[in-house]
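Here is a short report on a ligand site and a few backbone details. Look at the sequence and the structure, then read on.

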Amino acid sequence: MKEGIFLGKKNYILGIETSCDETAAAVVADGNQVLSNIISSQVDLHRKYGGVVPEIASRKHLEIMDLVIKEALETADLHVSQLHGVAVTYGPGLVGSLLIGIVTAKTLAWSLNIPLIGVNHILAHVYANLLEHEEIETPLLCLTVSGGHTDLLYLEEWGKYEVLGRSRDDAAGEAFDKVARYLGLSYPGGPEIEKLAREGDASRFELPLPVLENSFDFSFSGLKTAVINLVHNMEQKGLDIPRADVAAVFQKTVAQALINKVVRGVEKLGVGTVLLSGGVAANGFLRAELKRELDKRQVQLFYPSLPYCTDNGAMIACAGYYLLQKGIISSLTLDADPSLTLSC
Ligand code: KG4
Ligand code: ZN
């Protein structure tokens, strides 16, 4: 995987991530040696509102960005002057939050006279897999499932990809968060649903499996509405809500919808490797079920360990390293692009 301009000397990239409610900075050497990965989560600030409040998020980023970078450098035992590049998420995400990371990265890059590398957050989730498995070979399929995105990609080689499908409405993580909220669980909902589902019976009900025939696209808003209707009907009949069972059935149905598309992609494209990435990739049930299906087909599955599934600076530095290796750098006019997608 590694070739070209950096051979023979250690290359240190600082990765900065502020697209949502995590202020994160990491120093990564040679693309995959994580020397530090500092994440300051604002989850406790937003929990009482049931989701992220953009104004609060950007103010908090501004307050602690410098401290997080300082800690990342100290933990890596590096002086800022030893950095070779600064990678930063420039989209998608909350505009005010993105801007804090971008302005900080630009200032560092300009004052140190080192390259600035703008990174697409969704692509960084894909690259997170290389942090622990540099050996991953292309071509492959990658399912990225997070709070904002559900994308199925075909990577012919690193840096050359095609979007096979994406969510037409809610992202998978968004559906977890909304259903969790409806069940009275706290934000972020994904881990809460997973915990509750462990005590539930996933065969207790049937929920409609989102299908979208002849397409690799996903849709989760109908499933979310079906859960709401199910709970509402039980409430109207004065029944106790079996929340653990509802969580288990919902989780199973989301996983099944995701797995069906991945399996279809594997069969259609004949790839031998699948990657799972993004916050929802932290879900143990999804990991295990997808692995079970892929094992049957002798297809290898990789996913990052938990700290690299949800938002972090190491994945930004990693993606930045590989972009820089290809000579892809940004100008100091880099701006936030809140609705950046992966181009089809
Ligand atoms: O990648 P991420 O940290 O942020 C975005 O880029 O959106 O993903 C956050 C999403 C949230 O929706 C959260 O509920 C979900 O990932 N998530 C999970 C789990 N851990 C985080 N969903 C299901 N099961 C989990 N264990
Ligand atoms: Zn993310």
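Ligand 1 has 20 residues around it, and Gly147, Asp177, Gly190, Glu194 and Asn283 come nearest. A residue counts as near if one of its heavy atoms lies within 4 Å. This is a predicted model: local features need pLDDT of at least 70, side-chain atom pairs count only at pLDDT 80 or more, and totals for chains, interfaces and linings use all residues. Residues are numbered from 1 along each chain as its sequence is written, chains are lettered from A and ligands numbered from 1 in the order in which they are written, and side-chain values use heavy atoms, with hydrogens and water left out.

| Residue | Protein atom | Atom of ligand 1 | Distance |
|---|---|---|---|
| Gly147 | polar backbone atom | oxygen | 2.8 Å |
| Gly190 | backbone N or O atom | oxygen | 3.0 Å |
| Glu194 | polar side-chain atom | nitrogen | 2.8 Å |

Taken alone, ligand 1 exposes 550 Å², and the protein buries 90% of that. Such areas come from the Shrake-Rupley method with a 1.4 Å probe.

Helix 6 gives the most, with 4 residues. Helices (H or I, at least four residues) and strands (E, at least two) are DSSP runs, numbered from the N terminus. By type, the shell holds 6 nonpolar, 11 polar and 3 charged residues. Here Ala, Val, Leu, Ile, Met, Phe, Trp, Tyr, Cys and Pro count as nonpolar, Asp, Glu, Lys and Arg as charged, and the others, Gly among them, as polar.

Why does ligand 1 lie between domain 1 and domain 2? Domain 1 (12-128 + 309-325) and domain 2 (138-303) both give residues to its shell. The domain bounds come from an automatic or database domain assignment.

Now the backbone. The peptide bond from Thr138 to Pro139 is cis, with omega near 0°. Pro139 is in the loop between helix 4 and strand 6 (140-145). Tyr187 and Pro188 are also joined by a cis peptide bond, with omega about -10°. Pro188 sits in the loop between helix 5 and helix 6. Asp30, a residue other than glycine, has a positive phi near 50°. Its place is the loop between strand 2 (22-29) and strand 3 (33-41).

Conventions: Polar contact = N/O pair within 3.5 Å; in protein donor to acceptor, adjacent residues only side chain to side chain.
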